[in-house]
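Have a look at the sequence and the fold first, then read on.

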Amino acid sequence: MIQLFAPRYLPEPADPHGLDGEPPPREAGPLGVLLVNLGTPDEPTAKSIRRYLREFLSDPRVIEIPSWIWQIILRIFILTRRPQALAPRYEEIWLEQGSPLLVYSQAQALGVQQHLSDAGVPAHVELGMRYGNPSIPDAMDALRKKGCERILVVPMYPQYAASTTATAVDAVAAHAAKLRNQPEMRFVKRYYDEPGYIDALARQVTDYWALHGKPQRLLLSFHGLPRRTIQQGDPYHRDCMETVLLLKRRLGVDASLVHVSFQSRFGAEKWLEPYTEPLLREWARQGITRVDVMCPGFLADCLETREEIQMQCRDAFLGEGGQQFRYISCLNDDPIWISSLAGLVRKHLGGWIP
Ligand SMILES: C=CC1=C(C)c2cc3[nH]c(cc4nc(cc5[nH]c(cc1n2)c(C)c5CCC(=O)O)C(CCC(=O)O)=C4C)c(C)c3C=C
Ligand SMILES: [Fe+2]
Ligand SMILES: [Fe+2]
């Protein structure tokens, strides 16, 4: 047949049953689990970082000012300088197997896959990154090729934010919009109150303290957001504060030990406060000498934890007279966390598991 127009939807195989006669009962195929994380450059080079930042910072969920104004600023002022400045910072944190964010996210996907397979749950797990590789469309296509007609989407952010969770949902829906035969889909919104997550965080802290002793203060540093977005209805701040409350309660420590701050401010606007680095400087000036810092909102170590916290914030604190700065790492490939994550996935597959 002559095709006059480009096909509107992606090619799909026709139902093998065809058009004639009574169809055999439809078999329930395997389930799909799509873990979505932010994404990271493919290489620690200015070129690769530029490509990543262009995609990331062109997302209207991340930068809300009108695109035509922002694209001018982005192209003239940001993409011309920031990639070169970031390249040596990425190089410092790069692991043999790649960017830590990718390496740990892959380990989490593999671990969840193993748990589900061991439990006899017929499911395939794929990792998709919102920006860069492996992409969300590639991960969804991989699940469809394996016959998954039901897909559970788990954004790797325990606290909901429009600039992380909602944009992941948007990207999945945008790919689904290209399909004629859409899978059934579920989206996990938030899970900071999941006991397995709070337990894994608490254990990370108490194991560390059992080995090295308690600090004067434990700082829980979350990625920041512009203050305006909270005033406009983003529930992220509340999600973070509730996480802190649950973790404090679970640790059973004096409330004055645990504090909260927000990091990674970008641009001139006011972001959520207190800002991590200035707070640490202020503490050092006040005579606090021993701090532990942990980043509960990040499930995998990345540039923001390994470089910004472990290097920049450490230097800032020690530079102002602090004596001991310790970083308690993210949950990464911790087996107890991966088992909790698999439990969370199974819970949300409820009703789909045969
Ligand atoms: C400019 C706006 C940004 C918003 C809003 C934002 C929200 C946000 N980000 C994370 C998690 C991560 N961000 C990471 C890096 C990163 N973030 C921004 C900007 C915003 N983030 C930039 C420009 C960058 C790149 C580095 C830099 O230029 O400073 C990362 C690390 C990625 C890596 O490769 O390791 C993570 C993870 C959350 C959770 C969040 C909202 C709650
Ligand atoms: Fe960020
Ligand atoms: Fe940053």
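What share of the contacts in the chain with a separation of 6 or more comes from residues 24 or more positions apart? They account for 79%, where a contact means two C-beta atoms, placed from the backbone, within 7 Å.

## Before we start

This is a predicted model, where local features need pLDDT of at least 70 and side-chain atom pairs count only at pLDDT 80 or more, while totals for chains, interfaces and linings use all residues. Residues are numbered from 1 along each chain as its sequence is written, with chains lettered from A and ligands numbered from 1 in the order in which they are written.

## Helix α10

Now for α10, residues 276-286 (helices are DSSP runs of H or I with at least four residues, strands are E runs of at least two, both numbered from the N terminus). Thr-276, Glu-277, Leu-279, Leu-280, Trp-283 and Ala-284 are buried here (20 or more other C-beta atoms within 10 Å of a residue's own; exposed is 12 or fewer, partly exposed in between). Those residues sit on the same side of α10, because they cover an arc of only 160° around the axis, judged by the directions from the axis to the C-beta atoms.

Over on the other side, Glu-282, Arg-285 and Gln-286 are exposed. The buried residues of α10 pack against β5, β6, β7 and α11.

## The whole chain

In total, the chain has 12 helices and 8 strands. Buried residues make up 37% of its 354 residues.
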